[in-house]
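Here is a short tour of a two-chain model for anyone who likes to keep the structure open while reading.

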Amino acid sequence: MNLLDTDTLTLLMSGHARVTERVRQADRVAITLVTRIEILQGRFASILKAADGRQLLRAQQWLQQNEQYMRGLEIVPFDVAAAAEFDKLRQNKKLKKIGRADLLIAKHRAGPRGNNRHAQLAAFSASAQATSGGLD
Amino acid sequence: MAVSKTKRDARKSSNSRSAQSVDNCEVLTLPEAAVYLRIAENELLRSVTEQRMPGRKIGQEWRFLKSALQDWLRNPPPSGKDALLAMAGAFKNDPFLDEIVRDAYQKRGRPMTENGK
């Protein structure tokens, strides 16, 4: 299973050729619940921050389109093992500086069904970095 | 026991009515659509929310167009990887996308990519 983080998903959404090709070649690709939350939170914020009526309607239109497209996506949910791993990561003082969203994503690395998902996620992030002429 | 038998009879009669109306109607209720597709009602509702099965809630009642259910069975909407690929480039002109991803990573407290670009 390959997981797309939020930045990579948005690159795909904007039509980034390399990311699109990587997704096309992958066997199975999903996103995490964190990414869904971040995208939708951003959409809601766009509506609430709209400067005028025109922008309000545009923001609403993009929210609706985003919701429609996201319905078919495979979204990796939290299970009991992932929740336990999240608790464990939160207790680790060395990880204090890591944000909550990243900890929630990192929990996919462990657990009985982990399958090194975080490494796969990193692979896709590396692909995303290629946008700015870096890795891959 | 007698009550249970009565309930069973009532259910059987209701199912039989559903089966009859399924044959005759183009627009189906939730129980009728479940009978038509031969699945449980809760499975059907899950398909509506998770797999974009066509159905509408009007007030408190669900309605399903029989021909739309047939189309959905024949040509299911893309799911998983296909759904992701359907998104590719669909938001190319979205003026909000950059800000959304920037805000998300600001809340995470780190740059978008490991090299900060």
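This is a predicted model: local features need pLDDT of at least 70, side-chain atom pairs count only at pLDDT 80 or more; totals for chains, interfaces and linings use all residues.

Chain A has a mean pLDDT of 78, with 74% of its residues at 70 or more. One stretch of chain A, residues 109-136, falls below 50 in pLDDT. Even so, that stretch has 56 contacts in the model beyond near neighbours in sequence.

**The sheet of chain A**

Chain A holds an open sheet of three strands in the order 1-2-3, and the pairing is parallel. Strand 1 (2-4) and strand 3 (75-76) of chain A are the edges; each has a single partner strand, so one side of each lacks a neighbour in the sheet. Between strand 1 and strand 2 (residues 29-32) of chain A, the parallel pairing runs over three bridges. Here A:Asn2 stands opposite A:Val29 of strand 2 of chain A. Helix 3 of chain A lies across strand 1, strand 2 and strand 3 of that chain, at about 65° to strand 2.

**The sheet of chain B**

Chain B also has an open sheet of three strands, here in the order 1-3-2 with antiparallel pairing. Its edge strands are strand 1 (27-28) and strand 2 (56-58) of chain B, each of which pairs on one side only. As background, strands of a sheet pair through backbone hydrogen bonds, either parallel or antiparallel.

| Strand pair | Sense | Bridges | Residues opposite each other |
|---|---|---|---|
| Strands 1 and 2 of chain A | parallel | three | A:Asn2 and A:Val29 |
| Strands 2 and 3 of chain B | antiparallel | three | B:Lys57 and B:Trp62 |

Which side chains of strand 3 of chain B are buried? B:Trp62 and B:Phe64 are, and they point to one face. Helix 4 (residues 66-74) of chain B lies across strand 1 and strand 3 of chain B, running at about 65° to strand 3.

**Where the chains meet**

The contact between the chains takes 34 residues from chain A and 33 residues from chain B. On the chain A side, the elements that give two or more residues are helix 1 (6-13), helix 2 (17-25), helix 3 (33-48), helix 4 (53-70), helix 6 (100-106) and helix 7 (117-129). Helix 3 of chain A gives the most, with six residues. By type, the chain A side divides into 13 nonpolar, 13 polar and eight charged residues.

One helix pair across the contact is worth a look. Helix 1 of chain A and helix 6 (residues 97-108) of chain B pack at an angle of about 175°, their axes 10 Å apart. That angle makes the two helices roughly antiparallel. From helix 1 of chain A, the contact uses A:Thr6, A:Asp7, A:Thr10 and A:Met13, and from helix 6 of chain B it uses B:Leu97, B:Val101, B:Ala104 and B:Tyr105. These residues divide into five nonpolar, two polar and one charged.

Definitions and conventions. Residues are numbered from 1 along each chain as its sequence is written. Chains are lettered from A and ligands numbered from 1 in the order in which they are written. pLDDT is the predictor's confidence in each residue, from 0 to 100. Two residues are in contact if their C-beta atoms, placed from the backbone, lie within 7 Å. Helices (H or I, at least four residues) and strands (E, at least two) are DSSP runs, numbered from the N terminus. Ala, Val, Leu, Ile, Met, Phe, Trp, Tyr, Cys and Pro count as nonpolar, Asp, Glu, Lys and Arg as charged, and the others, Gly among them, as polar. Axes are lines fitted to C-alpha atoms, for helices over the stretch in contact, and angles run from 0 to 180 degrees between N-to-C directions. Angles under 35 degrees count as roughly parallel, over 145 as roughly antiparallel, 65 to 115 as roughly perpendicular and the rest as oblique. Two strands pair if DSSP finds at least two bridges between them. A residue is buried if 20 or more other C-beta atoms lie within 10 Å of its own, exposed if 12 or fewer, and partly exposed in between; C-beta atoms are placed from the backbone.
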